[in-house]
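Colleague: I am new to this structure and would like to learn how to read it. Could you walk me through it?

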There are 2 protein chains.
Amino acid sequence: MHLDVKGLAKLHDPVARETRVIDLGAPCKVCAIRHAASESQLSEEDETHLLSIASNVQLASGQLLFAESEAAEHLYSVVEGTMRLYKMMPDGRRQITGFLFPGDFLGLADDNVYAYSAEAVGRCSLYRYSFVQLRQLIGRYPEMEHKLCAIARHELAEAQDQLLLLGRKTARERVASFLVMLLERAARHGQEGDRLTMPMTREDIADYLGMATETISRTFTEFRSQGLIATDHVKDVTLLDRDELETIASGLD
Amino acid sequence: MHLDVKGLAKLHDPVARETRVIDLGAPCKVCAIRHAASESQLSEEDETHLLSIASNVQLASGQLLFAESEAAEHLYSVVEGTMRLYKMMPDGRRQITGFLFPGDFLGLADDNVYAYSAEAVGRCSLYRYSFVQLRQLIGRYPEMEHKLCAIARHELAEAQDQLLLLGRKTARERVASFLVMLLERAARHGQEGDRLTMPMTREDIADYLGMATETISRTFTEFRSQGLIATDHVKDVTLLDRDELETIASGLD
DNA sequence: CGTGAAGTTGAGTATGCTCAACGGTGGTGG
DNA sequence: CCACCACCGTTGAGCATACTCAACTTCACG
(Lines give C-alpha, C1' and ligand atoms only; values in the text may rest on other atoms or scores of the structure.)
Protein backbone atom coordinates (compact mmCIF):
# COMPACT_ATOMS: atom_id res chain seq x y z
CA MET A 1 0.00 0.00 0.00
CA HIS A 2 2.55 2.58 1.10
CA LEU A 3 6.03 1.23 0.65
CA ASP A 4 7.61 4.65 0.88
CA VAL A 5 11.32 4.09 0.44
CA LYS A 6 12.17 7.69 1.10
CA GLY A 7 10.60 7.14 4.51
CA LEU A 8 13.27 4.58 5.32
CA ALA A 9 15.97 7.15 4.78
CA LYS A 10 14.17 9.57 7.05
CA LEU A 11 14.14 6.97 9.79
CA HIS A 12 17.91 6.85 9.92
CA ASP A 13 18.58 10.49 9.22
CA PRO A 14 17.36 12.34 12.27
CA VAL A 15 18.05 16.01 12.63
CA ALA A 16 20.53 16.66 15.41
CA ARG A 17 18.89 16.50 18.78
CA GLU A 18 20.55 19.11 21.02
CA THR A 19 17.89 21.46 22.23
CA ARG A 20 18.62 24.98 23.29
CA VAL A 21 17.20 25.27 26.82
CA ILE A 22 17.02 28.66 28.48
CA ASP A 23 16.21 29.15 32.13
CA LEU A 24 13.72 31.94 32.23
CA GLY A 25 15.12 35.09 33.82
CA ALA A 26 12.76 37.65 35.27
CA PRO A 27 12.63 40.04 32.28
CA CYS A 28 11.99 37.25 29.78
CA LYS A 29 9.18 35.98 31.95
CA VAL A 30 7.11 39.10 31.75
CA CYS A 31 6.86 39.31 28.00
CA ALA A 32 6.51 35.58 27.58
CA ILE A 33 3.71 35.15 30.12
CA ARG A 34 1.36 37.40 28.25
CA HIS A 35 1.98 35.58 25.01
CA ALA A 36 1.37 32.10 26.33
CA ALA A 37 -1.61 33.10 28.47
CA SER A 38 -3.38 34.76 25.60
CA GLU A 39 -3.19 31.60 23.51
CA SER A 40 -3.90 28.82 25.99
CA GLN A 41 -7.16 27.91 27.65
CA LEU A 42 -5.71 28.04 31.12
CA SER A 43 -6.53 30.79 33.59
CA GLU A 44 -3.95 33.49 34.12
CA GLU A 45 -3.39 32.16 37.63
CA ASP A 46 -2.63 28.64 36.41
CA GLU A 47 -0.36 30.10 33.76
CA THR A 48 1.62 31.91 36.43
CA HIS A 49 2.00 28.76 38.52
CA LEU A 50 3.11 26.79 35.50
CA LEU A 51 5.60 29.44 34.44
CA SER A 52 7.26 29.26 37.83
CA ILE A 53 8.62 25.85 36.86
CA ALA A 54 9.04 26.46 33.11
CA SER A 55 12.14 26.67 31.03
CA ASN A 56 12.26 27.69 27.41
CA VAL A 57 13.23 25.37 24.56
CA GLN A 58 14.15 26.52 21.06
CA LEU A 59 13.94 24.10 18.16
CA ALA A 60 15.33 24.44 14.64
CA SER A 61 13.16 23.47 11.69
CA GLY A 62 12.63 19.73 11.60
CA GLN A 63 14.29 19.15 14.95
CA LEU A 64 13.09 16.27 17.12
CA LEU A 65 11.85 17.20 20.61
CA PHE A 66 11.23 13.66 21.85
CA ALA A 67 10.61 10.26 20.31
CA GLU A 68 7.87 7.72 20.71
CA SER A 69 8.31 5.24 23.59
CA GLU A 70 10.98 7.42 25.21
CA ALA A 71 10.66 7.90 28.99
CA ALA A 72 8.45 10.94 29.48
CA GLU A 73 10.12 13.44 31.79
CA HIS A 74 8.69 16.72 30.54
CA LEU A 75 5.45 18.27 29.56
CA TYR A 76 5.64 21.02 26.92
CA SER A 77 3.53 23.85 25.62
CA VAL A 78 4.02 25.61 22.32
CA VAL A 79 4.87 29.30 22.54
CA GLU A 80 5.59 30.03 18.92
CA GLY A 81 5.71 27.94 15.76
CA THR A 82 4.09 24.62 14.86
CA MET A 83 4.85 21.11 16.06
CA ARG A 84 3.96 17.81 14.45
CA LEU A 85 3.28 14.66 16.47
CA TYR A 86 3.62 11.35 14.68
CA LYS A 87 3.98 7.62 14.84
CA MET A 88 6.12 5.60 12.45
CA MET A 89 5.95 2.05 11.13
CA PRO A 90 9.18 0.08 10.70
CA ASP A 91 9.11 0.50 6.92
CA GLY A 92 8.86 4.28 7.12
CA ARG A 93 5.12 4.81 6.81
CA ARG A 94 4.21 7.75 9.01
CA GLN A 95 0.97 8.84 10.62
CA ILE A 96 0.88 12.38 11.95
CA THR A 97 -1.48 12.35 14.92
CA GLY A 98 -1.69 16.10 15.30
CA PHE A 99 -0.33 19.55 14.56
CA LEU A 100 0.16 21.82 17.55
CA PHE A 101 0.04 25.60 17.61
CA PRO A 102 0.83 28.24 20.25
CA GLY A 103 -1.02 27.48 23.46
CA ASP A 104 -1.25 23.72 22.85
CA PHE A 105 0.26 21.22 25.24
CA LEU A 106 2.15 18.07 24.35
CA GLY A 107 3.77 15.22 26.18
CA LEU A 108 0.89 13.82 28.22
CA ALA A 109 1.96 10.23 28.37
CA ASP A 110 0.42 6.90 29.17
CA ASP A 111 2.57 4.79 31.49
CA ASN A 112 5.26 7.53 31.61
CA VAL A 113 6.27 6.86 28.03
CA TYR A 114 5.59 9.21 25.12
CA ALA A 115 2.97 7.80 22.76
CA TYR A 116 4.31 9.70 19.76
CA SER A 117 7.36 11.55 18.46
CA ALA A 118 7.34 15.35 18.34
CA GLU A 119 9.14 17.49 15.77
CA ALA A 120 9.24 21.18 14.95
CA VAL A 121 7.57 22.03 11.63
CA GLY A 122 9.49 25.31 11.36
CA ARG A 123 11.49 27.14 13.99
CA CYS A 124 9.70 26.60 17.24
CA SER A 125 9.73 27.91 20.78
CA LEU A 126 8.25 25.96 23.70
CA TYR A 127 7.96 25.91 27.44
CA ARG A 128 9.19 22.85 29.23
CA TYR A 129 7.80 21.63 32.57
CA SER A 130 9.35 18.67 34.36
CA PHE A 131 6.78 16.17 35.55
CA VAL A 132 8.56 15.94 38.89
CA GLN A 133 8.09 19.64 39.56
CA LEU A 134 4.62 19.49 38.05
CA ARG A 135 3.63 16.89 40.59
CA GLN A 136 4.85 19.14 43.41
CA LEU A 137 2.86 21.99 41.95
CA ILE A 138 -0.24 19.81 41.83
CA GLY A 139 0.38 18.97 45.48
CA ARG A 140 0.03 22.66 46.31
CA TYR A 141 -2.70 23.49 43.79
CA PRO A 142 -4.73 20.29 43.31
CA GLU A 143 -7.12 21.96 40.86
CA MET A 144 -4.26 22.03 38.34
CA GLU A 145 -4.61 18.29 37.95
CA HIS A 146 -8.12 19.01 36.77
CA LYS A 147 -6.77 21.31 34.06
CA LEU A 148 -4.34 18.66 32.89
CA CYS A 149 -7.21 16.20 32.81
CA ALA A 150 -9.22 18.65 30.71
CA ILE A 151 -6.33 18.94 28.27
CA ALA A 152 -6.19 15.17 27.95
CA ARG A 153 -9.95 14.94 27.44
CA HIS A 154 -9.79 17.62 24.77
CA GLU A 155 -6.98 15.82 22.95
CA LEU A 156 -9.03 12.64 23.18
CA ALA A 157 -12.06 14.25 21.57
CA GLU A 158 -9.88 15.56 18.75
CA ALA A 159 -8.32 12.14 18.22
CA GLN A 160 -11.78 10.63 17.93
CA ASP A 161 -12.82 13.12 15.29
CA GLN A 162 -9.69 12.14 13.42
CA LEU A 163 -10.63 8.45 13.72
CA LEU A 164 -13.87 9.18 11.87
CA LEU A 165 -11.96 11.14 9.25
CA LEU A 166 -9.37 8.42 8.65
CA GLY A 167 -11.77 5.52 8.82
CA ARG A 168 -14.72 6.79 6.86
CA LYS A 169 -14.13 10.00 4.92
CA THR A 170 -13.22 10.37 1.22
CA ALA A 171 -10.22 12.36 0.00
CA ARG A 172 -12.34 15.46 -0.69
CA GLU A 173 -13.97 15.22 2.72
CA ARG A 174 -10.62 14.85 4.45
CA VAL A 175 -9.05 17.88 2.83
CA ALA A 176 -12.18 19.98 3.37
CA SER A 177 -12.24 18.91 7.05
CA PHE A 178 -8.59 19.85 7.36
CA LEU A 179 -9.09 23.33 5.93
CA VAL A 180 -12.16 24.04 8.05
CA MET A 181 -10.39 22.78 11.15
CA LEU A 182 -7.35 25.00 10.51
CA LEU A 183 -9.60 28.01 10.00
CA GLU A 184 -11.53 27.33 13.21
CA ARG A 185 -8.27 27.02 15.05
CA ALA A 186 -7.01 30.29 13.62
CA ALA A 187 -10.27 31.97 14.61
CA ARG A 188 -10.01 30.66 18.16
CA HIS A 189 -6.58 32.25 18.33
CA GLY A 190 -7.91 35.61 17.27
CA GLN A 191 -7.19 35.49 13.54
CA GLU A 192 -10.23 36.81 11.73
CA GLY A 193 -11.17 36.33 8.07
CA ASP A 194 -11.03 33.44 5.63
CA ARG A 195 -7.30 33.38 5.01
CA LEU A 196 -4.98 30.91 6.62
CA THR A 197 -1.36 29.90 6.50
CA MET A 198 -0.37 26.25 6.48
CA PRO A 199 3.17 26.01 7.80
CA MET A 200 3.47 22.29 7.02
CA THR A 201 4.40 20.61 3.73
CA ARG A 202 2.06 18.62 1.47
CA GLU A 203 3.77 15.49 2.72
CA ASP A 204 2.92 16.46 6.31
CA ILE A 205 -0.70 17.04 5.34
CA ALA A 206 -0.77 13.71 3.51
CA ASP A 207 0.60 11.87 6.52
CA TYR A 208 -1.94 13.61 8.73
CA LEU A 209 -4.91 12.78 6.49
CA GLY A 210 -3.81 9.25 5.62
CA MET A 211 -3.32 10.03 1.92
CA ALA A 212 -0.57 10.38 -0.71
CA THR A 213 0.95 13.82 -1.35
CA GLU A 214 -0.21 13.64 -4.97
CA THR A 215 -3.81 13.23 -3.86
CA ILE A 216 -3.47 16.25 -1.57
CA SER A 217 -2.20 18.26 -4.51
CA ARG A 218 -4.95 17.09 -6.84
CA THR A 219 -7.66 17.82 -4.28
CA PHE A 220 -6.37 21.35 -3.72
CA THR A 221 -6.37 21.86 -7.48
CA GLU A 222 -9.93 20.53 -7.70
CA PHE A 223 -11.12 22.85 -4.93
CA ARG A 224 -9.39 25.76 -6.66
CA SER A 225 -11.02 25.02 -10.00
CA GLN A 226 -14.40 24.79 -8.26
CA GLY A 227 -13.96 28.20 -6.71
CA LEU A 228 -13.90 26.83 -3.16
CA ILE A 229 -10.43 28.07 -2.32
CA ALA A 230 -7.75 30.37 -3.68
CA THR A 231 -4.04 29.91 -3.09
CA ASP A 232 -1.99 33.09 -3.17
CA HIS A 233 1.09 31.14 -2.23
CA VAL A 234 1.39 27.37 -1.86
CA LYS A 235 0.98 27.68 1.89
CA ASP A 236 -1.48 30.59 2.00
CA VAL A 237 -5.05 29.57 1.33
CA THR A 238 -8.24 31.62 1.26
CA LEU A 239 -11.47 29.76 1.87
CA LEU A 240 -13.79 31.33 -0.71
CA ASP A 241 -16.83 29.19 0.12
CA ARG A 242 -16.56 28.13 3.70
CA ASP A 243 -20.15 26.88 3.90
CA GLU A 244 -19.66 24.53 0.97
CA LEU A 245 -16.37 23.30 2.41
CA GLU A 246 -18.09 22.56 5.71
CA THR A 247 -20.82 20.70 3.84
CA ILE A 248 -18.21 18.62 2.04
CA ALA A 249 -16.31 18.05 5.29
CA SER A 250 -19.36 16.59 7.00
CA GLY A 251 -20.09 14.28 4.07
CA LEU A 252 -23.19 15.97 2.68
CA ASP A 253 -21.89 16.96 -0.74
CA MET B 1 -16.67 5.73 -1.05
CA HIS B 2 -19.07 4.36 1.55
CA LEU B 3 -22.62 5.37 0.69
CA ASP B 4 -24.15 2.77 2.93
CA VAL B 5 -27.90 3.14 2.49
CA LYS B 6 -28.71 0.58 5.12
CA GLY B 7 -26.94 2.88 7.56
CA LEU B 8 -29.59 5.53 7.02
CA ALA B 9 -32.26 3.18 8.25
CA LYS B 10 -30.23 2.45 11.36
CA LEU B 11 -30.04 6.14 12.11
CA HIS B 12 -33.77 6.42 12.52
CA ASP B 13 -34.38 3.06 14.10
CA PRO B 14 -32.86 3.32 17.56
CA VAL B 15 -33.42 0.57 20.08
CA ALA B 16 -35.65 1.76 22.89
CA ARG B 17 -33.77 3.81 25.36
CA GLU B 18 -35.15 3.04 28.84
CA THR B 19 -32.33 1.78 30.97
CA ARG B 20 -32.86 -0.44 33.94
CA VAL B 21 -31.17 1.33 36.84
CA ILE B 22 -30.75 -0.45 40.12
CA ASP B 23 -29.64 1.24 43.30
CA LEU B 24 -27.10 -1.04 44.82
CA GLY B 25 -28.31 -2.68 48.00
CA ALA B 26 -25.80 -4.02 50.48
CA PRO B 27 -25.83 -7.67 49.36
CA CYS B 28 -25.42 -6.82 45.69
CA LYS B 29 -22.47 -4.60 46.52
CA VAL B 30 -20.38 -7.31 48.02
CA CYS B 31 -20.43 -9.66 45.08
CA ALA B 32 -20.18 -6.88 42.53
CA ILE B 33 -17.22 -5.11 44.13
CA ARG B 34 -14.96 -8.08 43.73
CA HIS B 35 -15.86 -8.47 40.12
CA ALA B 36 -15.22 -4.88 39.12
CA ALA B 37 -12.06 -4.57 41.18
CA SER B 38 -10.54 -7.66 39.67
CA GLU B 39 -10.97 -6.28 36.15
CA SER B 40 -10.12 -2.61 36.47
CA GLN B 41 -6.74 -0.98 36.98
CA LEU B 42 -7.90 0.98 40.00
CA SER B 43 -6.78 0.16 43.50
CA GLU B 44 -9.24 -1.65 45.74
CA GLU B 45 -9.51 1.48 47.86
CA ASP B 46 -10.49 3.66 44.89
CA GLU B 47 -12.94 0.99 43.79
CA THR B 48 -14.63 1.13 47.17
CA HIS B 49 -14.91 4.91 47.05
CA LEU B 50 -16.34 4.79 43.55
CA LEU B 51 -18.82 2.08 44.46
CA SER B 52 -20.20 4.26 47.24
CA ILE B 53 -21.73 6.48 44.55
CA ALA B 54 -22.44 3.83 41.92
CA SER B 55 -25.72 2.52 40.63
CA ASN B 56 -26.10 -0.42 38.29
CA VAL B 57 -27.37 -0.18 34.72
CA GLN B 58 -28.54 -3.14 32.64
CA LEU B 59 -28.66 -2.86 28.87
CA ALA B 60 -30.32 -5.13 26.34
CA SER B 61 -28.43 -6.12 23.21
CA GLY B 62 -28.02 -3.13 20.92
CA GLN B 63 -29.40 -0.67 23.43
CA LEU B 64 -28.09 2.89 23.40
CA LEU B 65 -26.56 4.13 26.66
CA PHE B 66 -25.92 7.71 25.54
CA ALA B 67 -25.52 9.58 22.28
CA GLU B 68 -22.80 11.80 20.87
CA SER B 69 -23.09 15.48 21.81
CA GLU B 70 -25.53 14.73 24.61
CA ALA B 71 -24.91 16.54 27.91
CA ALA B 72 -22.57 14.30 29.90
CA GLU B 73 -23.97 13.65 33.37
CA HIS B 74 -22.58 10.23 34.14
CA LEU B 75 -19.38 8.31 33.97
CA TYR B 76 -19.75 4.55 33.46
CA SER B 77 -17.68 1.43 33.88
CA VAL B 78 -18.36 -1.92 32.28
CA VAL B 79 -19.11 -4.77 34.68
CA GLU B 80 -20.12 -7.45 32.24
CA GLY B 81 -20.53 -7.59 28.48
CA THR B 82 -19.10 -5.48 25.68
CA MET B 83 -19.87 -1.88 24.69
CA ARG B 84 -19.18 -0.18 21.37
CA LEU B 85 -18.42 3.54 21.12
CA TYR B 86 -19.01 5.19 17.76
CA LYS B 87 -19.45 8.34 15.74
CA MET B 88 -21.85 8.66 12.84
CA MET B 89 -21.88 10.76 9.68
CA PRO B 90 -25.18 12.21 8.45
CA ASP B 91 -25.46 9.65 5.63
CA GLY B 92 -25.06 6.69 7.97
CA ARG B 93 -21.36 5.99 7.72
CA ARG B 94 -20.18 4.85 11.13
CA GLN B 95 -16.79 4.79 12.80
CA ILE B 96 -16.49 2.69 15.92
CA THR B 97 -13.89 4.38 18.10
CA GLY B 98 -13.55 1.56 20.57
CA PHE B 99 -14.86 -1.63 22.11
CA LEU B 100 -15.03 -1.73 25.89
CA PHE B 101 -14.81 -4.76 28.13
CA PRO B 102 -15.29 -5.34 31.86
CA GLY B 103 -13.21 -2.89 33.87
CA ASP B 104 -13.13 -0.21 31.16
CA PHE B 105 -14.51 3.26 31.77
CA LEU B 106 -16.55 5.35 29.36
CA GLY B 107 -18.10 8.78 29.33
CA LEU B 108 -15.09 11.01 29.91
CA ALA B 109 -16.23 14.06 28.02
CA ASP B 110 -14.72 17.18 26.59
CA ASP B 111 -16.69 20.30 27.42
CA ASN B 112 -19.28 18.23 29.35
CA VAL B 113 -20.63 16.72 26.16
CA TYR B 114 -20.14 13.09 25.12
CA ALA B 115 -17.77 12.79 22.16
CA TYR B 116 -19.32 9.53 20.96
CA SER B 117 -22.40 7.35 21.25
CA ALA B 118 -22.29 4.20 23.36
CA GLU B 119 -24.26 1.01 22.69
CA ALA B 120 -24.31 -2.47 24.18
CA VAL B 121 -22.92 -5.15 21.86
CA GLY B 122 -24.75 -7.92 23.70
CA ARG B 123 -26.48 -7.81 27.06
CA CYS B 124 -24.44 -5.53 29.22
CA SER B 125 -24.13 -4.52 32.86
CA LEU B 126 -22.48 -1.28 33.94
CA TYR B 127 -21.87 0.93 36.93
CA ARG B 128 -23.03 4.50 36.70
CA TYR B 129 -21.39 7.39 38.57
CA SER B 130 -22.86 10.89 38.43
CA PHE B 131 -20.25 13.56 37.70
CA VAL B 132 -21.76 15.73 40.43
CA GLN B 133 -21.11 13.10 43.08
CA LEU B 134 -17.80 12.23 41.48
CA ARG B 135 -16.67 15.81 41.93
CA GLN B 136 -17.58 15.66 45.62
CA LEU B 137 -15.64 12.42 45.91
CA ILE B 138 -12.63 14.06 44.31
CA GLY B 139 -12.93 16.87 46.82
CA ARG B 140 -12.43 14.35 49.61
CA TYR B 141 -9.91 12.12 47.82
CA PRO B 142 -8.01 14.38 45.37
CA GLU B 143 -5.80 11.52 44.16
CA MET B 144 -8.86 10.09 42.42
CA GLU B 145 -8.64 12.89 39.88
CA HIS B 146 -5.23 11.53 39.05
CA LYS B 147 -6.76 8.13 38.32
CA LEU B 148 -9.36 9.68 36.02
CA CYS B 149 -6.55 11.52 34.29
CA ALA B 150 -4.66 8.26 33.86
CA ILE B 151 -7.73 6.68 32.30
CA ALA B 152 -8.00 9.58 29.84
CA ARG B 153 -4.31 9.35 28.97
CA HIS B 154 -4.62 5.63 28.39
CA GLU B 155 -7.63 6.11 26.12
CA LEU B 156 -5.65 8.76 24.27
CA ALA B 157 -2.73 6.43 23.65
CA GLU B 158 -5.10 3.78 22.32
CA ALA B 159 -6.80 6.29 20.03
CA GLN B 160 -3.41 7.26 18.62
CA ASP B 161 -2.53 3.65 17.85
CA GLN B 162 -5.84 3.46 16.03
CA LEU B 163 -4.97 6.59 14.04
CA LEU B 164 -1.89 4.84 12.70
CA LEU B 165 -3.96 1.77 11.88
CA LEU B 166 -6.66 3.71 10.04
CA GLY B 167 -4.34 6.10 8.28
CA ARG B 168 -1.54 3.83 7.18
CA LYS B 169 -2.22 0.11 7.54
CA THR B 170 -3.43 -2.31 4.86
CA ALA B 171 -6.46 -4.57 5.29
CA ARG B 172 -4.32 -7.54 6.35
CA GLU B 173 -2.41 -5.40 8.82
CA ARG B 174 -5.60 -3.99 10.31
CA VAL B 175 -7.21 -7.36 10.90
CA ALA B 176 -4.00 -8.84 12.29
CA SER B 177 -3.65 -5.83 14.62
CA PHE B 178 -7.23 -6.30 15.75
CA LEU B 179 -6.76 -9.97 16.58
CA VAL B 180 -3.50 -9.39 18.43
CA MET B 181 -5.05 -6.50 20.37
CA LEU B 182 -8.04 -8.60 21.41
CA LEU B 183 -5.78 -11.39 22.56
CA GLU B 184 -3.59 -9.03 24.58
CA ARG B 185 -6.69 -7.61 26.16
CA ALA B 186 -7.97 -11.08 27.03
CA ALA B 187 -4.58 -11.94 28.53
CA ARG B 188 -4.59 -8.79 30.65
CA HIS B 189 -7.93 -9.89 32.03
CA GLY B 190 -6.59 -13.25 33.01
CA GLN B 191 -7.61 -15.33 30.00
CA GLU B 192 -4.72 -17.53 29.02
CA GLY B 193 -4.11 -19.30 25.71
CA ASP B 194 -4.56 -18.38 22.07
CA ARG B 195 -8.32 -18.61 21.88
CA LEU B 196 -10.57 -15.60 21.94
CA THR B 197 -14.22 -14.77 21.56
CA MET B 198 -15.29 -11.79 19.49
CA PRO B 199 -18.73 -10.73 20.71
CA MET B 200 -19.19 -8.14 17.94
CA THR B 201 -20.46 -8.70 14.39
CA ARG B 202 -18.38 -8.45 11.21
CA GLU B 203 -20.07 -5.13 10.54
CA ASP B 204 -18.89 -3.85 13.92
CA ILE B 205 -15.35 -4.98 13.18
CA ALA B 206 -15.53 -3.36 9.74
CA ASP B 207 -16.69 -0.06 11.21
CA TYR B 208 -13.91 -0.25 13.79
CA LEU B 209 -11.16 -0.97 11.24
CA GLY B 210 -12.45 1.41 8.55
CA MET B 211 -13.23 -1.35 6.07
CA ALA B 212 -16.18 -3.11 4.42
CA THR B 213 -17.65 -6.23 6.04
CA GLU B 214 -16.83 -8.23 2.92
CA THR B 215 -13.16 -7.36 3.25
CA ILE B 216 -13.19 -8.46 6.89
CA SER B 217 -14.67 -11.76 5.79
CA ARG B 218 -12.17 -12.23 3.00
CA THR B 219 -9.24 -11.41 5.25
CA PHE B 220 -10.36 -13.92 7.88
CA THR B 221 -10.68 -16.53 5.13
CA GLU B 222 -7.20 -15.67 3.88
CA PHE B 223 -5.70 -15.96 7.37
CA ARG B 224 -7.48 -19.27 7.81
CA SER B 225 -6.18 -20.67 4.54
CA GLN B 226 -2.67 -19.57 5.50
CA GLY B 227 -2.88 -21.42 8.79
CA LEU B 228 -2.64 -18.24 10.85
CA ILE B 229 -5.99 -18.66 12.58
CA ALA B 230 -8.71 -21.25 13.07
CA THR B 231 -12.37 -20.44 13.61
CA ASP B 232 -14.32 -23.01 15.57
CA HIS B 233 -17.36 -20.81 15.50
CA VAL B 234 -17.76 -17.54 13.59
CA LYS B 235 -17.00 -15.59 16.75
CA ASP B 236 -14.46 -17.96 18.32
CA VAL B 237 -10.99 -17.62 16.88
CA THR B 238 -7.77 -19.39 17.74
CA LEU B 239 -4.54 -17.62 16.86
CA LEU B 240 -2.42 -20.45 15.48
CA ASP B 241 0.61 -18.33 14.63
CA ARG B 242 0.63 -15.37 16.93
CA ASP B 243 4.19 -14.34 16.04
CA GLU B 244 3.38 -14.13 12.35
CA LEU B 245 0.19 -12.20 13.09
CA GLU B 246 2.18 -9.72 15.17
CA THR B 247 4.67 -9.38 12.33
CA ILE B 248 1.85 -8.68 9.90
CA ALA B 249 0.23 -6.26 12.34
CA SER B 250 3.37 -4.17 12.60
CA GLY B 251 3.77 -4.01 8.81
CA LEU B 252 6.78 -6.29 8.42
CA ASP B 253 5.23 -9.06 6.32
C1' DC C 1 21.26 32.64 -11.30
C1' DG C 2 21.89 27.77 -10.10
C1' DT C 3 20.54 23.90 -7.36
C1' DG C 4 17.75 20.90 -4.66
C1' DA C 5 13.55 20.32 -2.37
C1' DA C 6 8.66 20.77 -2.72
C1' DG C 7 4.64 20.75 -5.47
C1' DT C 8 1.88 19.62 -9.63
C1' DT C 9 0.24 16.89 -13.33
C1' DG C 10 -0.31 12.65 -16.06
C1' DA C 11 -0.86 7.64 -16.98
C1' DG C 12 -1.58 3.26 -15.40
C1' DT C 13 -2.76 0.17 -11.74
C1' DA C 14 -3.84 -2.12 -7.26
C1' DT C 15 -6.36 -2.39 -3.26
C1' DG C 16 -10.39 -2.68 -1.35
C1' DC C 17 -15.38 -1.26 -2.23
C1' DT C 18 -20.04 -2.16 -4.28
C1' DC C 19 -23.50 -4.99 -5.74
C1' DA C 20 -25.38 -9.45 -5.80
C1' DA C 21 -26.26 -14.20 -4.79
C1' DC C 22 -25.90 -17.78 -1.72
C1' DG C 23 -25.20 -20.38 2.71
C1' DG C 24 -25.25 -20.75 7.60
C1' DT C 25 -26.99 -19.87 12.20
C1' DG C 26 -29.53 -18.59 15.98
C1' DG C 27 -33.78 -17.14 17.88
C1' DT C 28 -38.78 -17.43 18.05
C1' DG C 29 -43.15 -19.28 17.91
C1' DG C 30 -46.11 -22.94 16.65
C1' DC D 1 -38.86 -29.87 19.75
C1' DC D 2 -38.74 -28.61 15.30
C1' DA D 3 -39.42 -25.46 11.51
C1' DC D 4 -39.19 -21.14 9.77
C1' DC D 5 -37.32 -16.73 9.06
C1' DA D 6 -34.44 -12.97 9.46
C1' DC D 7 -30.00 -11.70 10.07
C1' DC D 8 -25.27 -12.50 9.61
C1' DG D 9 -21.46 -14.13 7.14
C1' DT D 10 -19.14 -15.73 2.85
C1' DT D 11 -17.96 -15.72 -1.89
C1' DG D 12 -17.79 -13.85 -6.63
C1' DA D 13 -17.44 -10.34 -10.33
C1' DG D 14 -16.72 -5.85 -11.66
C1' DC D 15 -15.39 -1.34 -10.65
C1' DA D 16 -13.93 3.15 -8.39
C1' DT D 17 -11.00 5.60 -5.63
C1' DA D 18 -6.85 6.80 -4.55
C1' DC D 19 -2.00 5.00 -4.96
C1' DT D 20 2.46 4.41 -7.54
C1' DC D 21 5.73 5.79 -10.68
C1' DA D 22 7.45 9.29 -13.52
C1' DA D 23 8.17 13.70 -15.65
C1' DC D 24 7.98 18.34 -15.21
C1' DT D 25 7.42 22.95 -12.85
C1' DT D 26 7.85 26.08 -9.20
C1' DC D 27 9.90 27.88 -5.26
C1' DA D 28 13.26 28.90 -1.65
C1' DC D 29 17.78 29.65 -0.61
C1' DG D 30 22.38 30.24 -1.24
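Predicted model: local features only at pLDDT ≥ 70, side-chain atom pairs only at ≥ 80, totals over all residues.

Colleague: Thanks! How many residues of chain A are in contact with chain B?

Modeller: Contact means heavy atoms within 4.5 Å. Here 46 residues of chain A meet 46 residues of chain B in this way.

Colleague: And what area do chain A and chain B bury between them?

Modeller: The size of an interface is often given as the accessible area lost when the parts come together. Buried area is that loss, found with a 1.4 Å probe and summed over both parts. For chain A and chain B the figure is about 4,200 Å², and 63% of it is on carbon and sulfur atoms. On the chain A side, A:L156, A:L163 and A:R168 supply 19% of the area buried against chain B, more than any other three residues.

Colleague: How many residue pairs are in polar contact across the interface of chain A and chain B?

Modeller: A polar contact is a pair of N or O atoms within 3.5 Å; within protein, one must be able to donate a hydrogen and the other to accept it, and residues adjacent in sequence count only if both atoms are side-chain atoms. The rule finds 20 such residue pairs across this interface, with both residues at pLDDT 80 or more.

Colleague: Which helices and strands of chain A supply at least two residues each to the side that touches chain B?

Modeller: Helices (H or I, at least four residues) and strands (E, at least two) are DSSP runs, numbered from the N terminus. On this side of chain A, strand 5 (83–88), strand 6 (94–100), helix 5 (143–168) and helix 7 (202–209) each supply at least two residues. Helix 5 of chain A gives the most, with 20 residues.

Colleague: Where do salt bridges come in, and how many cross the interface of chain A and chain B?

Modeller: A salt bridge is a side-chain nitrogen of Lys or Arg within 4 Å of a carboxyl oxygen of Asp or Glu. By that rule there are 32 salt bridges over all chains, and six are found across the interface of chain A and chain B. Take A:R168 and B:D207, whose side chains meet at 2.6 Å, N to O. A:R168 lies in helix 5 of chain A and B:D207 in helix 7 of chain B, so the pair joins two chains.

Colleague: Are A:R168 and B:D207 buried or exposed?

Modeller: Buried means under 20% relative accessible area, exposed over 50%, and partly exposed in between, with a 1.4 Å probe and protein chains only. Both A:R168 and B:D207 are buried.

Colleague: Which parts of chain A does the salt bridge of A:E222 and A:R172 link?

Modeller: In that bridge the closest N and O atoms are 2.4 Å apart. The pair links distant parts of the chain: A:E222 is in helix 8 (residues 213–225) and A:R172 in helix 6 (residues 171–188), 50 residues apart. A:E222 is partly exposed, with a relative accessible area of 30%.

Modeller: Another case is A:D232 with A:R195, at 3.0 Å between the closest N and O atoms. Here strand 11 (residues 229–233) of chain A holds A:D232 and strand 10 (residues 195–197) holds A:R195, 37 residues apart. A:R195 counts as partly exposed, at 49% relative accessibility.

Colleague: Finally, which residues is B:I151 in contact with, beyond its neighbours within four places in sequence?

Modeller: Those are B:F105 and B:L108. B:I151 is in helix 5 (residues 143–168) of chain B and counts as buried at 14% relative accessibility.

Methods. Residues numbered from 1 in each chain as written. Chains lettered and ligands numbered in written order. Heavy atoms only, no water. Buried area = accessible area lost by both parts, 1.4 Å probe.
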